[in-house]
Amino acid sequence: MEKAVLSRYLGSIVVTVLATLLAKALSVVLSPTDVVMIYLAVSVFVAVRFGRGPSVLFSILSCASYNFFFVEPLYTFEMYNRSSWLTLLVMLITSMVISGQAINLRRQEQLTLESTGAAENERIKNLLLSSVSHDLRTPLASITGASSSLMQDGMPEETVKELAKSIHQEAERLSRIVSNLLDITHIESGAITLNRQPYYIDELIGAALSRVPSGRHRLEMHVEKGLPLAYVDGLLIEQVLVNLLENATKYAPQNSVIALGARRSGDEIIVSVEDGGPGIPPGDEKRIFEKFTRRANDKSGSGLGLAICEGIIKAHQSHIWVENRAEGGARFSFTLPLAVSVSEGTSHV
Amino acid sequence: MSETQKIPVLVIEDEPEIRKFLSAALASNGFSPAFALTGREGLAHLQSRVPEILILDLGLPDMDGLDIIKSLRGWSNIPVIVLSARGQEKDKIAALELGADDYLTKPFSTGELLARLKAALRRAQQSVSQASAVFEANGLSFDAQNRIVKVDGGEVRLTPTEFRLLALLVKHAGKIVTHKQLLQDVWGKSSAENNHYLRIYTQHLRQKLGDDPLHPRFIITEPGVGYKLKV
């Protein structure tokens with residue numbers, strides 16, 4: 001820090017010397033008043049460039065140089081003429097005022113710039129907060145309402161069961177939202193560390209299927225036989241599959257087909273989850289992976305599931321994308337690296 | 001059910017609200033719960049009178065829950081169900097490897113907890129009463145003494161490694177066996193990092209048993225943790 005301050009003062013001195021040399025060179029054609037103008041012009045530059053202290057130094061140095069080099073008798077600090085004193089005084093004051101103004105101007109400009117950036121950040125933060133607090137408040141309202149009803153006397157047993165069930169469901173929803181928020185924060189902070197191991201993708205699909213109730217839909221499997229081992233964090237890829245399957249069961253009409261596929265493509269495995277739902281509005285194929293994006297009429301989700309999927313897949317240096325199927329509905333696909341391609345020649349083959 | 005017939009369970013948990021609901025759920029489902037609020041208190045209780053089963057919160061204020069398991073396993077084989085917060089995957093695996101029987105991630109429901117408790121108690125009883133008997137579940141029959149494996153009555157021929165793998169899963173049937181435990185017991189200590197062996201042999205074993213990993217009938221995959229034989 002101190003070095004930077006010193007260099008600004010040095011800069012101010014160097015500029016004084018340069019301005020004096022320039023003025024001296026031009027003094028043949030310039031009147032002494034014009035020389036004063038040169039110093040004043042340069043003082044603006046010094047103020048903007050080096051700030052208050054160095055610009056005061058410049059004002060003093062330039063007055064001294066003007067007296068020394070341009071006021072008779074030359075090359076002394078003496079003066080024959082009383083009016084020269086006045087010129088010098090006016091020059092000093094003007095230079096100070098100009099630099100003061102220039103510095104203020106610069107500061108204001110910075111403040112404006114900073115506040116625009118801050119306002120934009122603030123706007124995004126507020127948007128996220130309002131979205132999150134709405135998501136949290138809805139289940140909380142149900143839980144508060146239902147549990148306070150339970151505390152009243154004389155409830156029919158049927159109603160007690162209903163209320164307890166609703167508390168349980170809403171608490172689970174709250175828990176999902178909080179988990180998702182923690183996941184996305186974890187992913188976005190870059191704190192995610194992959195525990196990569198070789199896995200057969202069918203094992204992970206099987207584990208994910210056991211976590212998603214799919215009784216309302218018909219499941220179709222298109223998993224290629226004999227797929228090689230993928231090199232992934234099994235728990236996280238299971239999470240991606242669960243999120244995609246949950247989305248599919250949420251949007252696809254009852255008894256429609258949800259198709260799960262896995263196939264090899266070069267050095268990768270491509271996994272896909274297809275549903276017979278409404279599909280993605282054209283143009284939203286990228287936006288749908290952003291945080292807090294929900295499909296139309298969806299009030300139940302946290303708007304984080306797909307953002308989490310994208311975060312996990314990107315951490316694997318892989319890709320995830322969505323397309324609409326010709327026959328209607330959405331097809332989400334992601335790639336996974338093979339164990340062999342990562343560890344050829346090492347112990348993982 | 002009289003008080004004496006109830007199954008004594010110790011709960012080591014510092015959160016009062018969790019204790020409150022566990023107390024209600026356990027007492028009304030055939031258990032007689034005792035509570036310890038700290039690890040020290042819990043260990044003292046375990047040393048004076050051993051319950052039939054222990055419910056242990058891993059996140060205790062005074063000591064690491066893992067140390068309680070380690071210490072308990074020095075003198076007792078009672079089933080231990082671990083309660084953990086989400087994202088404590090490493091702790092869960094460590095708990096299983098130290099000899100915990102199962103884990104529940106908070107938040108969990110009473111139904112889940114009771115199911116785990118009953119399964120763990122059943123396993124504990126079985127391992128005492130029929131250590132050498134033939135294991136049978138879901139159409140799989142495993143006769144360790146005569147080295148005969150049958151699926152739906154038809155004999156299945158396994159290689160020695162596949163047999164060791166299945167034997168270990170059968171020994172801990174219903175309980176997750178971690179990757180490390182499987183690798184150490186089946187292949188020996190040196191290969192604890194070579195997970196791909198485990199994948200490949202498990203795949204072979206599943207193929208021979210006619211077990212579809214997409215809809216497993218016998219062997220359940222627990223990603224990041226291990227495998228479990230369905231009971």
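Start by selecting B:Leu140 and looking across to strand 8 of chain B, where its bridge partner is B:Val151. Keep in mind as you go that this is a predicted model. Now widen the selection to residues 140-143 and 148-151 of chain B: these are strand 7 and strand 8, paired antiparallel over four bridges.

Strand 9 covers residues 154-156 of chain B, and three bridges join it to strand 8, with the two running antiparallel. How many residues sit between strand 8 and strand 9 of chain B in their hairpin? Two, and B:Asp152 in that turn has a positive phi of about 50°.

Next stop: a helix. Select residues 89-98 of chain B, which make up helix 4, and colour its buried residues: B:Lys92, B:Ile93, B:Ala94, B:Ala95 and B:Leu96. What do they pack against? Show helix 3 (65-72), strand 4 (80-84), strand 5 (102-105) and strand 10 (177-178) of chain B, and you have the answer.

Setting aside neighbours within four places in sequence, B:Ala95 is in contact with B:Leu58, B:Leu66, B:Ile69, B:Val82, B:Ala100 and B:Tyr103. B:Ala95 also belongs to the largest nonpolar core, a set of 52 residues, where B:Leu56, B:Val80, B:Val82, B:Ala95 and B:Leu169 touch the most other members. This core lies between domain 1 (3-129) and domain 2 (135-229) of chain B, because both domains give residues to it. For a second, separate core, of 45 residues, hop over to chain A and select A:Val271, A:Val273, A:Phe289 and A:Ile313, which are among its members. In soluble globular proteins, nonpolar side chains tend to be buried together.

While you're in chain A, find the open sheet of five strands, in the order 2-4-5-7-6, with mixed pairing. Strand 2 and strand 6 (320-324) of chain A are the edges, each pairing on one side only. From one strand to the next, the twist averages 15°. Zoom in on strand 6 of chain A and strand 7 (residues 330-337) of chain A: they run antiparallel, joined by five bridges. Here A:Asn324 stands opposite A:Ala330.

Zoom out to see how chain A is divided. Domain 1 takes residues 1-191 and domain 2 takes 197-343, with their C-alpha centres 46 Å apart. Their contact uses eleven residues from domain 1 of chain A and ten from domain 2 of chain A. Which element gives the largest share of the domain 1 side? Helix 5 of chain A, with eight residues.

Last stop: show both chains. Their contact takes 25 residues from chain A and 16 from chain B. On the chain A side, helix 5, strand 1 (197-199), helix 6 (201-209), strand 2 (218-223) and helix 7 (234-251) each supply at least two residues. Helix 6 of chain A gives the largest share of that side, seven residues. By class, the chain A side has 13 nonpolar, nine polar and three charged residues.

Definitions and conventions:
Residues numbered from 1 in each chain as written. Chains lettered and ligands numbered in written order. Predicted model: local features only at pLDDT ≥ 70, side-chain atom pairs only at ≥ 80, totals over all residues. Domains from an automatic or database assignment. Contact = placed C-beta atoms within 7 Å. Buried ≥ 20, exposed ≤ 12 C-beta atoms within 10 Å, placed from the backbone. Nonpolar A, V, L, I, M, F, W, Y, C, P; charged D, E, K, R; others polar. Core = buried A, V, L, I, M, F, W, Y, C linked by C-beta atoms within 7 Å. Pairing = 2+ DSSP bridges. Axes fitted to C-alpha atoms, helices over the stretch in contact; angles between N-to-C directions.
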